[in-house]
Amino acid sequence: MKIKLKACATIANLVCGFDILGLALNAPYDEMELELINEPKINITHLDNFNLPTKAEDNVAGVALQALLNAYENKNIGFNVTINKLIKPGSGLGSSAASAAGAVLGANQLLGNPFTKQALVGFAMYGEALASGAMHADNIAPCIYGGVTLIRSTSPLDIVQLNAPPMYVTIVHPQIEIKTSEARAILPKEISLKNAVTQWANVAGLVTGFLQSDYELISRSLEDVIVEPYRSKLIPWFDEVKLQCKAAGALGGGISGSGPAIFMLCKDEITAKNIAQVMKDIYTKIGIDFNTYVTTIKSDEIFFSK
Ligand code: HSE
């Protein structure tokens with residue numbers, strides 16, 4: 001009993017929705033294979049060269065699968081998991097979430113789908129806790145549900161799928177690594193009421209913009225007065241990238257998850273490709289290696305093949 005799947009990258013926060021909004025991407029994605037075995041073990045093999053831990057209790061896919069197995073009636077089963085990680089760890093594109101979410105999705109499929117998607121999010125969040133020290137679900141939920149998701153609450157879990165109009169997503173990943181735990185540690189513990197009002201107005205605006213396919217409202221709402229001022233300092237030339245991309249026609253964007261990747265939403269493919277060129281020009285000029293992606297929101301579930 002084996003299954004192959006593609007676990008997609010995700011963009012968490014969507015600028016103003018720290019820890020509560022995320023979307024699934026068609027590219028990049030990790031390739032995973034799971035095999036159901038008749039012994040209570042989790043064996044993990046990595047085909048990539050990222051030096052990630054393979055002991056189940058130290059691996060994000062391993063702890064997510066263990067949480068699933070703890071909730072499953074048959075205690076005499078386990079999994080062989082093979083991961084080919086194509087989403088770079090520490091990129092801000094939900095690399096750890098893809099492994100954890102992919103593992104529990106694959107396991108659930110092999111077991112005949114005994115668990116709901118919401119339960120799977122709960123299991124996969126143990127992977128996030130291991131990776132970043134925080135049980136956030138804004139990468140996990142879109143990876144499992146597809147599309148754009150709102151995490152109204154993590155305890156108890158309350159996940160809302162949001163409709164959104166067609167959009168292109170342009171991403172630049174300057175090749176530096178930012179650990180989510182460190183990007184969280186630099187954030188203030190308290191914020192002013194003034195900033196809170198601005199932020200929740202933007203979150204409400206962004207969600208309404210998605211639901212009403214109002215690109216102008218989406219564009220106006222992609223502002224973050226709480227997190228970006230701190231985290232943007234970790235990303236070389238962030239302000240310049242944002243400024244030039246918006247001038248070139250992007251609806252808006254910002255830090256993808258905890259960075260360093262920067263994403264921009266665009267209405268059409270031509271603009272999205274132009275934005276990629278703007279990003280390339282900036283990082284080429286300053287001599288920082290980078291990857292770019294021009295992709296779309298992945299609206300359906302994870303891809304499986306036997
Ligand atoms: N919401 C999380 C954060 C996402 O910004 O720390 C991390 O990918």
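Mentor: Helices (H or I, at least four residues) and strands (E, at least two) are DSSP runs, numbered from the N terminus. This is a predicted model: local features need pLDDT of at least 70, side-chain atom pairs count only at pLDDT 80 or more, and totals for chains, interfaces and linings use all residues. Residues are numbered from 1 along each chain as its sequence is written, and side-chain values use heavy atoms, leaving out hydrogens and water.

Trainee: Where is Pro156?

Mentor: Pro156 is in the loop between strand 5 (148-154) and strand 6 (157-162). The bond joining Ser155 and Pro156 is a cis peptide bond, with omega about 0°. The Ala27 to Pro28 peptide bond is also cis, omega near -5°. Pro28 is in strand 2.

Trainee: Which residue has a positive phi although it is not a glycine?

Mentor: Val15, with phi of about 75°. Val15 is in the loop between strand 1 (2-12) and strand 2.

Trainee: Which residues surround the ligand?

Mentor: Take a residue as near if one of its heavy atoms lies within 4 Å of the molecule. Here the ligand is surrounded by Ala12, Asn13, Phe18, Asp19, His136, Asp138, Asn139, Thr180, Arg184, Arg231, Gly257 and Ser258.

Trainee: Which side chains have an N or O atom 2.7 Å from an oxygen atom of the ligand?

Mentor: The side chain of Arg184 has an N or O atom 2.7 Å from a ligand oxygen. For Arg231, the side-chain N or O atom is likewise 2.7 Å from an oxygen atom of the ligand. Asp138 faces a ligand nitrogen: its polar side-chain atom lies 2.7 Å from that nitrogen. On its own the ligand has 260 Å² of accessible area (Shrake-Rupley method, 1.4 Å probe). The protein covers 97% of that area.

Trainee: How many salt bridges does a search of the whole structure find?

Mentor: Look for a side-chain nitrogen of Lys or Arg within 4 Å of a carboxyl oxygen of Asp or Glu. The search finds 8. One of them pairs Asp30 with Lys85, their closest N and O atoms 2.3 Å apart. This pair links distant parts of the chain, 55 residues apart. Asp30 is in strand 2 (residues 21-37). Lys85 is in the loop between strand 4 (78-84) and helix 2 (95-110).

Conventions
A polar contact is a pair of N or O atoms within 3.5 Å; within protein, one must be able to donate a hydrogen and the other to accept it, and residues adjacent in sequence count only if both atoms are side-chain atoms.
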